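Have the sequence and the model at hand as you read.

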Amino acid sequence: MASDRSRYGLLVSAAGAVLLAVSVFLPWYELTLTPDGASFAANLAQGLAGQYGNESLQHLISGVHGNLASAGGQQLAALSARQTLHDLNVVLLVLAGIALFDALTTIARAAGPAAVGGGGGGGRMVSLVGVLAAACVAYRMSVPPVPAGGLVALTLREGSWLALLGSLMMVLGPIWPQVSLEGAPGSTLIRA
């Protein structure tokens with residue numbers, strides 16, 4: 001029974017590694033126009049139309065000026081970790097690959113004919129890699145990349161939250177068999 005729980009924990013870790021890898025390609029940040037950015041865009045459009053445009057273009061831009069100035073807070077784009085975190089996205093993919101490989105090889109060794117005793121104790125690397133991945137993700141969630149000029153702002157999207165969830169799954173999977181159910185009515189201590 002302990003080996004089954006260990007296998008389930010490692011499957012959770014493997015699923016977390018896959019989730020972390022997939023989340024690198026999902027939107028992590030939403031790029032929004034700040035009020036200063038909207039005002040800058042409106043003034044820039046009006047200045048360019050005044051300098052290079054004819055009367056009809058100037059009239060058109062003067063009508064659009066109010067709309068551009070009120071566009072603050074509007075979403076411009078969704079950015080993935082691959083687009084914004086140039087080196088960290090590679091690190092996260094490598095960590096996910098290491099964790100997936102370690103979890104699956106530990107499961108395969110435990111299921112093999114030589115694993116009479118259950119194959120517990122494997123997959124410890126998955127927890128360490130998960131802690132490292134969770135630290136990287138938590139850092140980029142709390143300190144997002146700052147766009148230059150303050151004309152646009154970044155807010156968190158679902159990709160960053162899924163990366164954190166995947167990292168935590170990688171951490172908790174190998175720890176699962178070490179959870180003690182001691183004290184619960186009718187339970188026994190489960191060891192890996």
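Leaving aside neighbours within four places in sequence, which residues is Leu20 in contact with? They are Leu92, Ala96, Ala133, Val137, Ala163, Gly166, Ser167 and Met170, where contact means heavy atoms within 4.5 Å.

A word on the basis: this is a predicted model, in which local features need pLDDT of at least 70, side-chain atom pairs count only at pLDDT 80 or more, and totals for chains, interfaces and linings use all residues. Residues are numbered from 1 along each chain as its sequence is written, and side-chain values use heavy atoms, with hydrogens and water left out.

Leu20 also belongs to the largest nonpolar core, which has 28 residues; Leu20, Trp28, Leu92, Val137 and Met170 touch the most other members. Such a core is a set of buried Ala, Val, Leu, Ile, Met, Phe, Trp, Tyr and Cys residues joined through side-chain atoms within 4.5 Å. Two or more core residues come from each of H1 (2-23), E1 (27-33), H5 (88-111), H6 (124-142) and H7 (158-175), and H5 supplies the largest share, seven. Helices (H or I, at least four residues) and strands (E, at least two) are DSSP runs, numbered from the N terminus.

Two residues count as partly exposed, that is, between buried (under 20% relative accessible area) and exposed (over 50%), with a 1.4 Å probe and protein chains only.

| Residue | Element | Relative accessible area |
|---|---|---|
| Ile98 | helix H5 | 38% |
| Leu156 | strand E3 (residues 152-156) | 32% |

Not counting residues up to four places away in sequence, Leu156 touches Trp28, Tyr29, Met141 and Trp161. Its C-alpha atom is 8.6 Å from that of Pro27, 129 residues apart along the chain.
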